[in-house]
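Reader: I am new to this structure and would like to know what its descriptions rest on. Please set each value against its definition.

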Amino acid sequence: MTSAMHASRLDHAPPQADWSSDPEFAVLTLTGTWTVHSLQHVPILHVPTTQTIRILSQISAFDSAAAMVLARWLRQWRAAGITVDVSQMPERERTLLELLDARLVDTVPERTRRTSLLAVIGESAVRQWDEARQFLGFLGELIWRGVPLVLTFWRIRWSVVIAEVEAAGVRALGIVGLLSFMIGMVMAYQGGATLSNYGANILIVNLVGIITLREMGPLLAAIIVAGRTGSSYTAQLGTMRITEEIDALRALGVPPFEILVFPKVIALVVTLPLLSLFADLMGLLGGAVVANYGYGVSFAVYFDRIPDVITVTTLWLGLIKAPVFAIVIALIGCMQGLRVRGSASEVGRATTVSVVQAIFMVIVIDAVFSVLYNLMGY
Amino acid sequence: MMDAHPDSDLVIDARGLVNQFGSHRVHDDLDFQLRRGRVMALVGGSGSGKTVLLHTLIMLRQATAGQLHLFGVDIQTADEATRQSLRERIGVLFQGGALFTSLTVLENVLMPIKEHGRFDPQWLNELGMSKILLAGLPADSADKYPMELSGGMVKRAALARALALDPELLVLDEPTSGLDPIGAAAFDDLIHTLSESLGLTVLQVTHDLDSIWRGVDEVAFLARKKVLAIGTAVELAARDEPELAAYFRGTRSEAYWAAAMRKAQDDGAPVAPHIIGTQA
């Protein structure tokens, strides 16, 4: 039964069901408030041994939640071969009870969930395999459709490309610049602390220059773009799928690939190398500031030495990775977006997956490049 | 805080309502009353402010000016707790269903019960199922996600959620739009059955002529920034205002109007232009 304290706070009597016996039939008297707000403990009844049950109601409030409870009891009793007499109940309560009784079904389906560890591992393996295959398929589609488009470059939707370049590139300059500058500073500090012990402060230029140009600049730019732009691609395409805009494009005879995916890929392929170059410059600048004020390598000496330690090859070894990163980021972003089915939370999930996958792939590809460069002797 | 209203039989009592967006006035000095136990259709041309009125009545937007009593409580002076308790007495079916896409149908229905009800947790699933069955959905739809449902099922699932807390007032925004004629008729019947057995008051925005002529007790017609008239479709059709004549005797309503006239002749009674609550 409902605790009296709680009931008084809510200003209504607790729901009660009491048996009293009569020679011929058991009488169930219902009192108190029977609603979705008061039935926090549905009374537990023992089933009487009589052939007939008569229900009397002195209920002060009765709603369909209460009717549902009664209807369930009725079904149990009837299944046990007991006759239930509700004729003494008020008409409104009886109508409600009959409505619920007529509509209830006996089995409440349980959602079947496979929770065994093996099933979870298996499912996730199948999903990963699927995603990998889809990515390859998507890459294939890019080449299949993209090469003819590049050959007929006047048909590319340049206005869309330029808008994407602005969103992905120009608007990212601030954050890419600031972060690269700070990473350059950090490298100079860490390297300088060791190098100054040997009086080799001047080698800060070699350290910062080579690491920035070969690794940090392109990698940092790619990671920022994956987080900033790849995620927005996924969210945009995912939402467009839910609102059936993608289907509308198809129906209008505009291939979504041409107007949505391809311009994004082109835009990133153009933008990311430029952003990497900008990141390189800002990284060098950050290093220069620390070298000048922290380790006595003046700006003049620093920039004078750069051409001696960094060759054009060093720059290219870094920049050549950027278009590859760009293609991977754009493709993962678009693919995850186009895979969205149905719900709003799917868009959120797809966006997360897109960013995680893109950053993961960027770092894997970077590692592959390092190995290749090593084998090639750079 | 709960100042008693003279006429507590009125579920909705709006007087002199004004709704304004910038310089555009949607409602001007609008009066609107809905009695307990009635099933009312709110109709009017596109852009006549039906949805804005609906949103005002269910407290999703604050009217620019005017008085609004819900269940006899003045909502302008009511505090947030009172407004919240009023909201729990109103069930709303939004036009697109507005089901939570990441929850199953059963979870959608249980959401308001878990948030606001105090119901035995062991009986919760049963209660949710009873609402789903009450709304006329098959039992196996309980575990489905909204994206797996057809348009008609989405409406029914949304109805099940609207009914979750046993509201006294059910507000429906175009409940039968997008349903096939058979499904729409069944939905109308369902609303009627529920309103009778649950004692519901129903307010529905609709363009469905079948609902307007056969499915409701009275019709409120929105035009000239006001509720131009309230009455049965036959009563409104008999009036002279050009908007009403066009709506209720126009091409699409012709058959219904003719049928009503024939029936009136057969019954030997004139089509009584006895109109409730005229505000010409």
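Reader: What makes up the secondary structure of chain A, and how are its elements defined?

Author: Chain A has 13 helices and four strands. Helices (H or I, at least four residues) and strands (E, at least two) are DSSP runs, numbered from the N terminus. This is a predicted model, in which local features need pLDDT of at least 70 and side-chain atom pairs count only at pLDDT 80 or more, while totals for chains, interfaces and linings use all residues. Residues are numbered from 1 along each chain as its sequence is written, and chains are lettered from A and ligands numbered from 1 in the order in which they are written.

Reader: What share of chain A counts as buried?

Author: Of its 378 residues, 35% count as buried. A residue is buried if 20 or more other C-beta atoms lie within 10 Å of its own, exposed if 12 or fewer, and partly exposed in between, with C-beta atoms placed from the backbone.

Reader: How many residues of chain A are in contact with chain B, and what makes a contact?

Author: 28 residues of chain A are in contact with 25 residues of chain B. Two residues are in contact if their C-beta atoms, placed from the backbone, lie within 7 Å. On the side of chain A that touches chain B, α2, α3 (91-103) and α13 (344-376) each supply at least two residues. That side divides into 14 nonpolar, nine polar and five charged residues. Ala, Val, Leu, Ile, Met, Phe, Trp, Tyr, Cys and Pro count as nonpolar, Asp, Glu, Lys and Arg as charged, and the others, Gly among them, as polar.

Reader: Why is α10(B) said to lie largely in the open?

Author: The number buried is one of the 14 residues of α10(B), so this helix lies largely in the open. Helix α10 (residues 254-267) of chain B reaches 20 Å from its first C-alpha to its last, close to the 20 Å expected at 1.5 Å a residue. The expected span is 1.5 Å times one less than the number of residues.

Reader: What makes β6 and β10 of chain B edge strands?

Author: β6 (90-93) and β10 (226-231) each pair on one side only. Two strands pair if DSSP finds at least two bridges between them. Their open sheet of six strands has the order β6-β7-β8-β3-β9-β10 (chain B), with mixed pairing. β6(B) pairs with strand β7 (residues 169-173) of chain B in the parallel sense over four bridges, and strand β9 (residues 218-223) of chain B pairs with β10(B) in the antiparallel sense over five bridges.
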